Amino acid sequence: NMKLRTDLVLRHLGDEYIVVDPGQEMVDMSKIYTLNETAALVWETLQGKEFTVASIVAVLTDNYDVELGVAELDAEKLRTDFMAQGLLVD
């Protein structure tokens, strides 16, 4: 199971979604993570919960008109992206 970091906050900036550390006095641009709309929806839905790739698939299929196979590929990519950006709690 995975869990998203709870010390970070999702903000909507224009047409972008960014994840920032609200504890920083100065915003460190290297520590800002940009999410697309889909990733932002997953973030908002699963924040604070333990989840699996199947949970991400469920969010995608519940909210978008997407085939299961496509949702599974997208979910795996999102998990990889979240991991790569350090957005998951170990």
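Biologist: What volume does the largest pocket have?

Modeller: Happy to start there, with the reminder that this is a predicted model. Rolling a probe the size of a water molecule over the atoms shows where empty space is left. For the largest pocket, the volume comes to about 160 Å³.

Biologist: Which element gives the most residues to the lining of the largest pocket?

Modeller: The lining includes Thr 34 and Leu 35, as well as Asp 74, Lys 77 and Leu 78. Elements that give two or more residues to this lining are strand 4 (33-35), helix 1 (37-46) and helix 3 (68-84). With 5 residues, the one that gives the most is helix 3.

Biologist: How many charged residues are in the lining of the largest pocket?

Modeller: Among the lining residues are Asp 81, Phe 82 and Gln 85. Sorted by class, the lining has 4 nonpolar and 4 polar residues, and the number of charged ones is 3.

Biologist: What share of the residues in the chain is buried?

Modeller: The accessible surface of the chain comes to about 5800 Å², and 50% of it belongs to carbon and sulfur atoms. Buried residues, out of the 90 in the chain, make up 30%.

Biologist: Now for some single residues. Is Ile 56 buried or exposed?

Modeller: Ile 56 has its place in helix 2 (residues 53-63). Beyond its neighbours within four places in sequence, Ile 56 is in contact with Val 42, Leu 46, Phe 51, Ala 75, Leu 78 and Arg 79. Its relative accessibility is 0%, and the cut-off for buried is under 20%. Ile 56 therefore counts as buried.

Biologist: What separates the C-alpha atoms of Ile 56 and Ala 75?

Modeller: Ala 75 is one of the contacts of Ile 56. The two residues are 19 apart along the chain, and their C-alpha atoms are separated by 5.5 Å.

Biologist: Which residues is Val 53 in contact with, leaving aside its neighbours within four places in sequence?

Modeller: Val 53 is also found in helix 2. With those neighbours left aside, its contacts are Met 2, Ala 75, Glu 76 and Arg 79.

Biologist: Is Leu 10 buried or exposed?

Modeller: Leu 10 is found in strand 2 (residues 9-13). Among its contacts beyond four places in sequence are Tyr 17, Leu 35, Ala 40 and Trp 43. Its relative accessibility is 18%, so with a cut-off of under 20% Leu 10 counts as buried.

Biologist: And what relative accessible area does Asn 63 have?

Modeller: Asn 63 has its place in helix 2. Its C-alpha atom and that of Lys 49, 14 residues apart along the chain, are separated by 18 Å. Asn 63 is partly exposed, with a relative accessible area of 43%.

Technical notes. Residues are numbered from 1 along each chain as its sequence is written. This is a predicted model: local features need pLDDT of at least 70, side-chain atom pairs count only at pLDDT 80 or more; totals for chains, interfaces and linings use all residues. Side-chain values use heavy atoms; hydrogens and water are left out. On a 1 Å grid over the protein atoms alone, a cavity is a set of points where a 1.4 Å probe fits but cannot get out, and a pocket is an open set with protein on both sides within 12 Å along at least five of seven lines; lining residues have an atom within 4 Å of a point. Grid points are joined across faces, edges and corners, and a volume is the space filled by probe spheres set on the points. Helices (H or I, at least four residues) and strands (E, at least two) are DSSP runs, numbered from the N terminus. Ala, Val, Leu, Ile, Met, Phe, Trp, Tyr, Cys and Pro count as nonpolar, Asp, Glu, Lys and Arg as charged, and the others, Gly among them, as polar. Buried means under 20% relative accessible area, exposed over 50%, partly exposed in between (1.4 Å probe, protein chains only). Accessible areas come from the Shrake-Rupley method with a 1.4 Å probe; for residues, only the protein chains shown count as cover. Contact means heavy atoms within 4.5 Å.
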